[in-house]
Amino acid sequence: MTATALTTPEPEPDTPDGPHTALHTPVIAWFAQNARDLPWRRPEAGPWGVLVSEFMLQQTPVSRVLPVYEQWLARWPRPADLAKEPPGEAVRAWGRLGYPRRALRLHGAALAITERHGGDVPTQHAQLLALPGIGEYTAAAVASFAYAQRHAVLDTNVRRVLARAVSGLRYPPNATTAAERKLARALLPDDEATAARWAAASMELGALVCTARNEDCERCPIASQCAWRLAGKPEHEGPPRRGQSYAGTDRQVRGKLLAVLREASAPVPQSVLDRVWDEPVQRARALDGLVADGLVEPLPGGVYRLPLT
């Protein structure tokens, strides 16, 4: 699929009777009745809780995040609490969430928040974007969900809702395009609080109803307006969408190596790590990758530990 596939006519102004409000009103009303009670949506979560959730939820389902999130916030209720710990403790606490470099990035963000912002998650989008490990999506999400600001928050779920409802496509492109960002900005409500609510509501709609497979159009509050449904749900014309494999990959080997180190209270000899995977070349490649990524620290004598600095 090409980027031009998402090109749409210039949206009309957002007026009380305009097409944008026709999307906003039913989706936000649906969200008010159907939103999941998630801990990072509660007032007590605060901006730090929102930031932690956004790191953890990247490519990871809510069901896996919930127990780790609650343990994390109980141990490190503020960025300064995490910043006091060595980065290896963040990797240890990350458990089996996957993509453990996110733990190092979150630790780096906590350090920067403590050093640059007095321990408070910054309020401005540009300040959030300047934190280590935070890209455009996370900065927009935290500014929107923690501070009720007006930003286009484009995760996979939102992109799918907009692709279907507005552009008539089953799936958005694999990577976010300039056309998608332009469309999302044009669809933002003018009022900041409403825009933040729209961001959360459209994300929840994609997560619960307008899912990648087995979409439930009967439950969708904007089914009558959905361009994809009205067009007869045309099939995706791009390359087949395949889920990422895990078994037998370097990711699996890395996970097994990290599991040993997370459970150890002292540095682990190479001989112990060698037991986790039979194929020596792949095992060595995975371990080298962990060292290169800063997730594992080699020590003299052929022993390894989670990083202390």
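How much space lies in the largest cavity? About 110 Å³. The model is predicted. A search of the whole structure turns up three cavities of 30 Å³ or more. Two of them are followed here, beginning with the largest.

The largest cavity has a lining of 15 residues. Nearest its centre lie Arg164, Cys210, Cys217, Cys220 and Cys226. Two elements each give two or more residues to this lining: helix 9 (156–165) and helix 12 (227–230). Helix 9 gives the most, with three residues. What is the make-up of the lining by class? Eleven residues are nonpolar and four are charged. No polar residue takes part.

Now turn to the second largest cavity. Its volume is about 80 Å³. Part of the lining runs through His151, Ala152, Val153 and Leu154. Val158 and Leu162 belong to the lining too, as do Ala184, Leu187 and Leu188. Trp198, Ala199 and Ser202 complete the list.

Which elements give two or more residues to the lining of this second largest cavity? They are helix 9 and helix 11 (192–208). The largest share, three residues, comes from helix 11. By class, the lining of the second largest cavity has ten nonpolar and two polar residues.

Methods: Residues numbered from 1 in each chain as written. Predicted model: local features only at pLDDT ≥ 70, side-chain atom pairs only at ≥ 80, totals over all residues. Heavy atoms only, no water. 1 Å grid on protein atoms, 1.4 Å probe; cavity = no way out; pocket = protein on both sides within 12 Å on 5 of 7 lines; lining within 4 Å. Points joined across faces, edges and corners; volume = space filled by probe spheres on them. Helix = DSSP H or I, 4+ residues; strand = E, 2+ residues; numbered from the N terminus. Nonpolar A, V, L, I, M, F, W, Y, C, P; charged D, E, K, R; others polar.
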